[in-house]
Amino acid sequence: MNTTATDSDAKATAEVTDQAARRRTFAVISHPDAGKSTLTEALALHAAAITSAGAVHGKGERRGVTSDWMEMEQSRGISITSAALRIDYGDCVFNLLDTPGHADFSEDTYRVLSAVDCAIMLLDSAKGLEPQTLKLFDVCRARNMPVITFVNKWDRPGREPLELLDEIEQRIGLRPTPLNWPVGIAGDFRGLIDRSDGTYTKLTRTPGGATRAVEERMDAEQAARAEGEEWGQAQEEIELLGEIEAHYDEKSFLAGESSPVLFGAALPNFGVSQLLETLVKLAPAPEDPVDVLGERRPVGAPFSGQVFKMQANMDKAHRDRMAFLRISSGRFDRGMVLTHGATGRPFATKYTQAVFGSERSTIESAYPGDVIALVNAAALSVGDTLYSGPKVEFAPIPSFSPEHFAVCRAKDSGRYKQFQRGIAQLDAEGVVQVLTSDVRGEQAPVLAAVGPLQFDVVSHRMAEEFNAPVELAHLEYSLARRTDADSAPTAHALSGAEVLKRRSDGELLVLVHNKYRLRVIKRDNPNLILEPLLAGGTD
Ligand code: G4P
């Protein structure tokens with residue numbers, strides 16, 4: 001290689017490394033109604049990515065951040081799949097990956113978390129930790145992912161801040177380290193003290209909340225005069241935080257053991273700029289990814305990325321199938337011909353798009369941490385690696401613990417071929433997990449899902465896309481555990497439980513009605529292997 005080529009290679013690597021360092025790729029984990037759409041909107045507003053808070057909101061007239069597809073989604077008013085939102089902020093590029101905001105979430109919600117470097121755990125100040133937040137947090141925990149906590153709705157009556165911190169520590173074992181501290185109780189929110197330097201930001205409401213809150217900076221003396229008793233109370237609480245050593249600690253934050261906490265209110269835009277600054281300063285940039293062999297590949301290495309989500313029929317005019325890929329290393333240039341790790345075949349990227357809310361625009365280049373959407377991606381599946389240059393593959397995205405099960409049959413047995421093709425395709429895309437057993441036969445596989453909405457997607461797509469309408473019969477199981485061939489006994493021996501094989505990876509799963517039955521099975525079969533699957537797997 002001559003010197004000029006080496007120089008330009010080094011320059012290209014340096015450019016990618018530099019661009020990767022500017023990225024912050026994250027998702028918001030929350031329970032429905034905690035304020036995720038409002039916060040997303042507020043972040044975008046503050047980052048000046050949009051001009052008015054109304055432009056990016058998931059509901060009603062202001063709908064826009066979610067991707068509209070299928071009539072089903074529109075008629076039910078929910079977002080079935082997730083999109084990525086790019087927000088430029090100063091020198092940083094934020095990639096905010098959206099997770100479906102409905103209680104009826106699916107495996108997609110979990111998979112999004114495999115494509116981010118950090119999560120914002122959004123809590124409603126009056127409610128604290130809620131069920132869906134806990135489920136999503138389990139996935140973050142399994143990956144040791146750094147989590148920033150944002151306690152929202154502080155403008156409304158809520159709980160004591162210390163009580164909320166205690167709940168986080170006691171229930172999920174995450175050590176909270178507040179970065180700011182509220183002055184005035186929830187409902188009478190006056191402003192925020194920055195714990196790093198003791199300065200005070202007094203906040204004043206703006207009508208409708210559709211613009212930035214007015215923020216006035218004060219030193220401690222001015223603040224004490226302005227807020228009187230409330231200031232004193234906040235100072236006492238901060239002293240207490242010092243005594244219990246609730247201080248930000250980088251190492252334990254990055255290991256997913258402690259969580260910086262911010263108080264605020266997304267709707268009136270209180271404390272949102274502090275969250276943006278925290279993302280810049282503390283949230284990790286994309287790291288060198290680890291491949292399936294356990295080796296680190298520098299972010300500046302040639303292009304590689306992993307598909308974390310598939311989506312079909314976004315555009316009705318073209319029955320396209322789209323793959324969302326997170327870039328792990330290298331620079332992406334539209335038109336590149338990549339290699340598909342699973343088949344070794346070339347994959348052309350002429351039609352790649354960037355995703356911004358519901359709008360899709362063609363992109364020219366992208367860097368580690370960015371998400372690109374590949375159209376005409378029928379050959380790809382969730383977890384697939386695409387790369388350029390020498391072969392690389394990333395570990396598969398784990399399957400999550402299903403909680404809903406249904407037997408699926410073709411309505412018209414004459415359409416069995418179409419039925420098989422459709423089920424195989426939906427399995428490959430990861431729309432549902434497909435389980436089979438000799439007893440049930442290939443004609444009646446069991447579909448397993450994290451959320452029942454996944455079954456609606458199956459019914460719709462089997463009828464519309466594969467021309468093979470199906471019947472689904474719900475099964476009364478609610479838990480799945482992994483077992484192995486040696487210890488898998490007959491279903492009979494397991495008091496009504498059933499052993500099935502997952503088609504995608506050959507894993508043997510034991511389906512159990514409920515946790516009480518599971519306990520009985522464990523008691524009666526002490527040598528039986530029954531391992532929880534990732535997320536939702538606590539007994
Ligand atoms: P989600 O995406 O997590 O489901 O929540 P979303 O943002 O839609 O917020 C749920 C409700 O909480 C909304 O009210 C929203 O306005 C309100 N909200 C969000 N953040 C705050 C906050 O900081 N303070 C207060 N007081 N309210 C907040 P809604 O009436 O249910 O919906 P909408 O009609 O306003 O859209």
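Me: What kind of model is it, predicted or experimental?
Reply: This is a predicted model.

Me: OK. How many helices and strands does the chain have?
Reply: The chain has 13 helices and 29 strands.

Me: And what share of the residues counts as buried?
Reply: Of the 539 residues, 47% count as buried.

Me: Now the core. How many residues are in the largest nonpolar one?
Reply: The largest nonpolar core has 131 residues. Ala119 and Leu447 have the most contacts inside it.

Me: Which strand gives the largest share of this core?
Reply: Strand β4, residues 118-124. Its share is six residues.

Me: What is Ala119 in contact with, leaving aside neighbours within four places in sequence?
Reply: On one side of the sequence, Phe26, Ala27, Ile29 and Leu113. The list also holds Cys140, Met145 and Val147.

Me: Switching to the ligand. Which residues come nearest?
Reply: Gly35, Ser37, Thr38, Ala265 and Leu267 come nearest, out of 18 residues around the ligand.

Me: Which element gives the most to that shell?
Reply: Helix α2 does, with three residues.

Me: How does the shell divide by class?
Reply: Five residues are nonpolar, seven are polar and six are charged.

Me: Stay with α2. At what angle does it pack on α10?
Reply: Helix α2 (residues 36-46) and helix α10 (residues 272-281) pack at about 75°, and their axes are 9 Å apart. That angle makes α2 roughly perpendicular to α10.

Me: Which residues make the contact?
Reply: From α2, Ala42, Leu43 and His46. From α10, Val272, Ser273, Leu275 and Leu276. By class, the contact has five nonpolar, two polar and no charged residues.

Me: Is Lys153 buried or exposed?
Reply: Lys153 counts as buried, because it has 26 C-beta neighbours inside 10 Å.

Me: And what about the phi of Glu245?
Reply: Glu245 has a positive phi too, about 55°, and is not a glycine. Glu245 is in the loop between α8 (229-243) and α9 (250-254).

Me: Why does Glu245 count as exposed?
Reply: Because Glu245 has 9 C-beta neighbours inside 10 Å. The cut-off for exposed is 12 or fewer.

Me: Where is Lys309?
Reply: Lys309 is in strand β12, residues 304-312. Lys309 is buried, with 27 other C-beta atoms within 10 Å.

Me: How far is Lys309 from Val382?
Reply: Their C-alpha atoms are separated by 5.5 Å. Along the chain, Lys309 and Val382 are 73 residues apart.

Me: Where does Val292 sit?
Reply: Val292 is in the loop between α10 and β12. Val292 counts as exposed, with 12 C-beta neighbours inside 10 Å.

Me: What is Val292 in contact with, leaving aside neighbours within four places in sequence?
Reply: Glu393, Phe394 and Ala395. Val292 and Glu393 are 101 residues apart in sequence but 5.7 Å apart in space, C-alpha to C-alpha.

Me: What contacts does Leu472 have, leaving aside neighbours within four places in sequence?
Reply: Leu472 is in contact with Ala406, Cys408, Phe455 and Ser459. Cys408 is 64 residues away from Leu472 in sequence, and their C-alpha atoms are 4.7 Å apart.

Me: Last one. Where is Asp524, and is Asp524 buried or exposed?
Reply: Asp524 is in helix α13, residues 515-524. Asp524 is exposed, with 11 other C-beta atoms within 10 Å. Asp524 and Leu494 are 30 residues apart in sequence and 8.5 Å apart in space, C-alpha to C-alpha.

Methods. Residues are numbered from 1 along each chain as its sequence is written. This is a predicted model: local features need pLDDT of at least 70, side-chain atom pairs count only at pLDDT 80 or more; totals for chains, interfaces and linings use all residues. Axes are lines fitted to C-alpha atoms, for helices over the stretch in contact, and angles run from 0 to 180 degrees between N-to-C directions. Helices (H or I, at least four residues) and strands (E, at least two) are DSSP runs, numbered from the N terminus. Angles under 35 degrees count as roughly parallel, over 145 as roughly antiparallel, 65 to 115 as roughly perpendicular and the rest as oblique. Two residues are in contact if their C-beta atoms, placed from the backbone, lie within 7 Å. Ala, Val, Leu, Ile, Met, Phe, Trp, Tyr, Cys and Pro count as nonpolar, Asp, Glu, Lys and Arg as charged, and the others, Gly among them, as polar. A residue is near a molecule or strand if its C-beta atom, placed from the backbone, lies within 6 Å of it. A nonpolar core is a set of buried Ala, Val, Leu, Ile, Met, Phe, Trp, Tyr and Cys residues joined through C-beta atoms within 7 Å. A residue is buried if 20 or more other C-beta atoms lie within 10 Å of its own, exposed if 12 or fewer, and partly exposed in between; C-beta atoms are placed from the backbone.
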